[in-house]
Amino acid sequence: MKRRSLLLSGTAVGGALLVGWSVLPPRSRLGQSALWPPEPGEVALNGWIKVARDGVVVLAMNRSEMGQGVHTALAMLVAEELDVPLTRVRLQQAGHDAIFGSAESFVGFLPFHADDREPGQESLAFRGARWMTLKLARELGINVTGGSASVADAWGPLRLAAATARARLLGVASLRWKLPVAELEVRDGIVSHPSGPRAHYGELAEQAALSPPGDVTLKARSDWRVIGRPAQRVDLADKCDGRAVYGLDVRLPGLVYADVLHAPMLGGSLATVDVNAALRLPGVERIVRLPPLAGATAAIAVVGRTTWHAREASRALSVQWRAPPAGPLDSKRIEAALEAAARNAAERQGGFSFHSRGDSLAALAGAAKRVEALYRAPYLAHATMEPMNCTARVRDGKVQVWAPTQVPGLARDAAARVAGVEPDAVTVHVTPLGGGFGRRLEVDFVAQAVRVALETAGRPVQLSWSREEDFTHDFYRPAGAALLRAGFDAQGRLTAFEAHSAGDALEPRWMERVLPALTGPVDAPDKTTVEGLYDLPYAIEHQRIAHVATKSGVPVGNWRSVGHSHNAFFVESFVDELARAAAVDPLKFRLDLLAAKPRHAAVLTLAAQKAGWGRPLPAGRARGLALHESFGTIVAQVVELSLADKQPRVHRVVCALDCGVVVHPQGVAQQVESSVVFGLSAALYGRIDIDGGVVKQKNFPDYPLLTLAQTPLIETHTVPSDGPPTGMGEPALPPVAPALANALFVLTGRRLRELPLAPLLA
Amino acid sequence: MPPHLAGAMPTMNLTINDRNVTVDDAQTAPGMPLLWVLRDVLQMTGTKYGCGVAACGACTVHVDGAAVRSCVTPLSSLQGKAVRTIEGLVGAGGPHPLQWAWAEHQVPQCGYCQSGMLMAAAALLEANRDPSDADIDAAMTNLCRCGSYPRVRVAIKAAARQLTQRRRAVNR
C-alpha cells in the first residue's frame with residue numbers, strides 16, 4: 001500500500017462525516033457566549049472568555065493539567081492579548097462544544113515524512129491533508145490533552161478569542177468616552193486615556209457583550225509582555241500546601257469507597273467467587289462484578305466505608321479466575337516473535353512501507369560497507385504517582401463523574417454508555433491529574449466507577465486501584481524490535497538505510513476502547529509504530545522503512561512520546577554505530593547529513609557547544625549525544641556519565657531544543673527536566689514482564705524509578721525562533737536513551753542494543 | 001469537632017496539627033494505617049496514597065517530629081503522639097520557608113508527590129539546618145514521576161539559607 005491509499009484509509013475514520021462536511025458553514029473557532037453556563041456577575045464575550053464584575057478574566061479551560069504546565073501556558077496567552085496580569089486570569093473548566101476539541105494532535109497522526117512537514121516549506125500533499133484533518137477534527141470536537149499539542153492548538157484560537165474580547169471592551173470605552181480606540185491604553189486590565197477617563201474591564205463588559213469587536217489584530221511580538229517572560233505557575237500554591245484536590249481527594253457527602261480487584265491474568269475473567277467472608281467484615285457494603293469495560297480486564301469491586309475497609313475485604317475474597325480464551329500471555333514469547341518478524345520482514349522486504357525513496361535493496365547490495373543491527377525495547381508501565389481512580393454518582397437519571405482524565409468528552413461518552421443515558425445527562429468534573437503520561441487517555445476507570453455507582457442507590461462512590469492493580473492492569477507501551485541496515489558507498493558516503501520493525505499497532509486498540517463508534521473492522525496503518533524511524537532528518541539517498549503491525553493481545557496504549565520512545569533509541573544508537581563504522585566523530589557525522597536541515601543542525605550544534613563536546617573529560621567519564629524530532633520540536637541531548645559498581649552514574653544532561661516560540665520559559669525547562677528523569681528511569685530500569693498471563697512487576701520496588709540522589713544536572717537551552725509553538729510535554733524524552741547508550745559505548749566499548757540498560761551492565 | 005469524631009467509643013487520642021483528635025473505633029478497622037484515617041475518616045486529603053508499601057513517600061507525615069510513611073504506620077501505634085501533616089506545615093508565622101522556596105523555584109509539576117516531598121524536607125531541616133548534597137540525597141528518597149528532583153534540591157538549600165538568616169536575626 002502506498003501513501004495515497006494509506007491516507008485514504010486514515011481519513012476513512014471520519015468518512016461518513018466527509019460527505020456532508022463540504023457543505024457545512026465554516027465553524028467559528030471563538031464560539032458563542034451561550035456556551036458558558038450563566039453565572040451572575042459574569043459576562044461572556046465569546047466561547048472562551050468571560051469577564052467578571054471585578055474585571056477578572058475567566059478562561060474556558062479545555063485542557064487537563066497533569067503537571068505539564070498547560071493551564072499556565074494557556075492562561076499566559078490570554079493574559080498577553082488582554083493585557084491583564086496572569087493572576088487576574090481565572091480558569092473554569094470548558095464544556096464539550098467542538099471548539100474545545102483537539103486539532104493539532106490529529107495532524108500529528110498523519111504519516112507524512114519530515115521533508116513534507118518542514119515549517120514554511122510544507123508539501124502540497126501535506127498542506128491538503130493538514131487542512132482536511134483540521135477541519136474534520138474541528139467537526140468531531142474530540143478533546144484530548146495529549147500529543148504535546150495543547151499550546152500549538154491554542155496558539156491561534158485562544159489569542160484570537162482574547163484579542164477579540166479586548167477589541168470589544170475597547171470599543172465600548174471608545175464609544176462611552178467618545179475617544180478613538182487608537183488613543184486608548186490598557187494596563188493590568190484597566191482601560192484609560194491620557195485625558196483622564198479610566199475603567200476596568202468589569203465596568204465595560206456588559207455593554208461589550210452587545211457590541212461588535214471591530215478590527216481585531218494580534219499583538220506584534222515586539223509588544224509581548226507575558227509570552228516568553230518568567231511567570232509563576234497558576235497551580236503552584238495549591239500544590240505546596242495539600243489543598244489541590246486530585247481525583248483521589250474528591251470528598252462528597254455520603255461517599256463510599258470501592259477497591260478494584262482485576263483478574264490477575266490480563267484478559268482473564270471471573271469463574272467463581274465466594275463473597276461471604278468479605279461481606280462479613282465490618283465496613284463492607286457490597287460487592288459488584290465488573291465485566292470487561294473500555295478495555296479493562298474483568299474485575300470485582302468491593303464497596304466499603306473507607307478505601308482501607310474495601311481493600312482489606314478484597315484480600316479476603318475467595319475467587320477462581322479463568323484464563324483468557326487465547327491462553328495466558330507471555331512477554332518473552334511475544335518479544336521473540338517480534339524479533340523473528342523483524343528479521344523475516346527484512347529478508348522478504350515485507351511489512352507496511354511508511355517511507356521509501358530510491359532503491360535501498362540495490363544500494364545495500366552494491367555497498368562497499370554494510371552495517372546491520374537488531375534493536376529491542378520492552379513493555380513499559382506509566383506508573384503515574386496517583387493511581388487510577390474515578391468518583392461517580394448516579395441519581396435520578398443523571399450521572400456525575402469526577403475524574404483525573406485527559407479526555408473529558410470521551411469519559412462522558414463512556415459514562416453514558418455504561419449508565420445507559422444520553423451524554424447530555426453526564427457531567428464530568430476534571431480534577432488535577434496526579435500524572436497522566438498517556439494512561440489517562442483511557443476511560444476504563446471511569447466506566448468502572450459508573451458501573452459501581454449504578455449499585456449504590458444514589459450515593460457517590462470513589463473507585464480506586466491499589467498500586468498493584470495499577471501496575472498489573474496498565475495499557476503498556478508496546479514492546480518492539482527493529483532490524484536496521486545501512487550501506488556506505490566506495491567513497492564512504494552513507495547511501496542506504498532500511499528499518500524493518502515489528503510491534504503492536506496501538507492507536508487502533510485505543511480507538512476500540514475509547515471511540516468504539518469510529519472503529520472499523522480493519523486497522524488503519526498506525527503511524528505511531530514508526531514515528532521517529534520513518535521520518536529521519538538525515539539526507540540518505542536510498543531508504544525503506546517498513547513495519548509489521550502485530551496484535552499480541554497485550555493491552556497497549558499511549559505512553560509519553562509513544563513510538564518515539566523506542567524508535568529514537570533504535571535509530572539514534574544505530575546512527576552512532578554508523579559514525580563509528582565510518583570512523584567519524586558522531587557530531588560531525590550527523591552534521592554532515594544535515595546540510596539541508598538548518599534547524600536540526602542549529603539545535604545539535606547548540607547542545608554540543610554547551611556540553612563542551614570534544615573537550616577532554618576527567619578519566620572514567622564519557623559523553624554521548626542524540627538528536628530527535630517529535631511533536632514538531634527538535635531536541636538534541638548530550639549525556640555525560642561514569643560507571644560506579646558497574647552501574648551508570650549520569651552526571652549531566654545538556655539539552656538544546658527548537659520548540660518555536662517559547663511561551664513559558666520555566667515550563668519548558670520543567671518539561672525538559674521531567675522528560676529527562678522519566679526517560680532515564682525507562683532507559684536504565686524500565687521493563688514489564690508478563691509471565692503466565694500475569695504482570696510480574698507489582699509495585700515500585702519491582703519497577704525502579706530514578707531517585708533524587710541519582711538525578712543529574714539538567715540544562716535547557718532553546719534556539720530562538722519565530723515559528724509557532726510546538727510540543728514540549730514529550731519531545732525531550734526520546735533522545736535520552738540513545739544519548740545514554742552512546743555514552744556507555746564510549747566508556748565501555750559495548751554497544752547495548754536492548755532496553756533497559758542497567759541490567760545489561762550488572 | 002466533626003460529627004464522625006464524636007462517637008461513643010473513643011479509642012485513640014492523638015494530636016494532629018496541634019489539635020486534639022479522638023478517633024472513634026467504629027470509623028476505623030483493625031490495623032488501619034494512619035494514611036487512611038487521615039484521608040477517608042478525617043477527610044484530610046493533603047497526604048497522598050502512592051504505593052501502600054512505604055516505597056514512594058507520597059504519604060510522608062511527621063510523628064513526634066520525625067518523617068514517617070503513614071501508609072504503613074498503624075493508627076494503633078499513635079496513642080498520645082503528635083502528628084503533623086501537610087495541612088499543618090503552614091505555621092503561625094505563615095508558610096514554612098520550604099513552601100516559599102517551593103514556589104520561588106517552581107518545584108511542583110503534577111504536584112501529587114509534593115506533600116510527601118515537603119514533609120520529608122521539613123523533617124530534614126528540623127534535624128539538619130545546613131544539609132549537604134549528600135544529606136539531601138540520603139533524606140529525600142521520595143519518588144516523583146514528573147522529575148521535580150533537581151528543583152527539590154535547590155529549594156531545600158534555599159529554605160535552609162532562609163532559616164539560617166532568620167535564626168541569625170533572632171539571635172541578634
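Figure 1. A:Ala636 has A:Ala656 in β24(A) as its bridge partner. This is a predicted model, in which local features need pLDDT of at least 70 and side-chain atom pairs count only at pLDDT 80 or more, while totals for chains, interfaces and linings use all residues. Residues are numbered from 1 along each chain as its sequence is written, chains are lettered from A and ligands numbered from 1 in the order in which they are written, and side-chain values use heavy atoms, with hydrogens and water left out.

**Figure 2. Strand β21 of chain A with strands β13 and β20.** Strands of a sheet pair through backbone hydrogen bonds, either parallel or antiparallel. Strand β13 (residues 352-357) of chain A pairs with strand β21 (residues 542-550) of chain A in the antiparallel sense, over 5 bridges. On β21(A), A:Ile545 is the bridge partner of A:His355. Strand β20 (residues 494-504) of chain A runs parallel to β21(A), and 9 bridges join them.

**Figure 3. Three-stranded open sheet of chain A and the helices against it.** The 3 strands of this open sheet in chain A are ordered β5-β6-β7, with antiparallel pairing. β5 (185-187) and β7 (198-200) of chain A stand at the edges with a single partner strand each, so one side of each has no neighbour in the sheet. On average, neighbouring strands of the sheet are turned by 25° against each other, direction ignored. Strand β6 (residues 190-192) of chain A pairs with β7(A) over 3 bridges in the antiparallel sense, and A:Ser192 has A:Arg198 in β7(A) as its bridge partner. Helix α7 (residues 150-177) of chain A lies across β5, β6 and β7 of chain A and runs at about 40° to β6(A). Helix α8 (residues 201-208) of chain A also packs on the sheet, where it touches β5, β6 and β7 of chain A, and its direction makes about 75° with that of β7(A).

**Figure 4. Packing of helices α17 and α21 of chain A.** Two packed helices are described by the angle between their axes and the distance between the axes. Helix α17 (residues 564-581) and helix α21 (residues 736-748), both of chain A, pack at an angle of about 35° with their axes 8 Å apart. Their crossing is right-handed (left-handed if the near helix is turned anticlockwise from the far one by less than a right angle, right-handed if clockwise). From α17(A), A:Ala568, A:Phe569, A:Glu572, A:Ser573, A:Asp576 and A:Arg580 make the contact with A:Ala737, A:Pro738, A:Ala741, A:Asn742, A:Phe745 and A:Val746 of α21(A) (contact means heavy atoms within 4.5 Å). These residues divide into 7 nonpolar, 2 polar and 3 charged (Ala, Val, Leu, Ile, Met, Phe, Trp, Tyr, Cys and Pro count as nonpolar, Asp, Glu, Lys and Arg as charged, and the others, Gly among them, as polar).

**Figure 5. Packing of helices α13 and α14 of chain A.** The axes of helix α13 (residues 408-419) and helix α14 (residues 444-453) of chain A come within 9 Å and cross at roughly 35°. The crossing of α13(A) and α14(A) is right-handed. A:Ala411, A:Ala415, A:Val418 and A:Ala419 of α13(A) meet A:Val446, A:Ala447, A:Val450 and A:Arg451 of α14(A). By class, the contact has 7 nonpolar, no polar and 1 charged residues.

**Figure 6. Contact between chain B and chain A.** Chain B contributes 49 residues and chain A 59 residues. About 4,400 Å² is buried between the two chains, 58% of it from carbon and sulfur atoms (buried area is the accessible area, 1.4 Å probe, that two parts lose on being put together, summed over both). On the chain B side, B:Gln106, B:Gln109 and B:Arg145 lose the most area to chain A, together 20% of what that side buries.

Methods. Pairing = 2+ DSSP bridges. Helix = DSSP H or I, 4+ residues; strand = E, 2+ residues; numbered from the N terminus. Axes fitted to C-alpha atoms, helices over the stretch in contact; angles between N-to-C directions.
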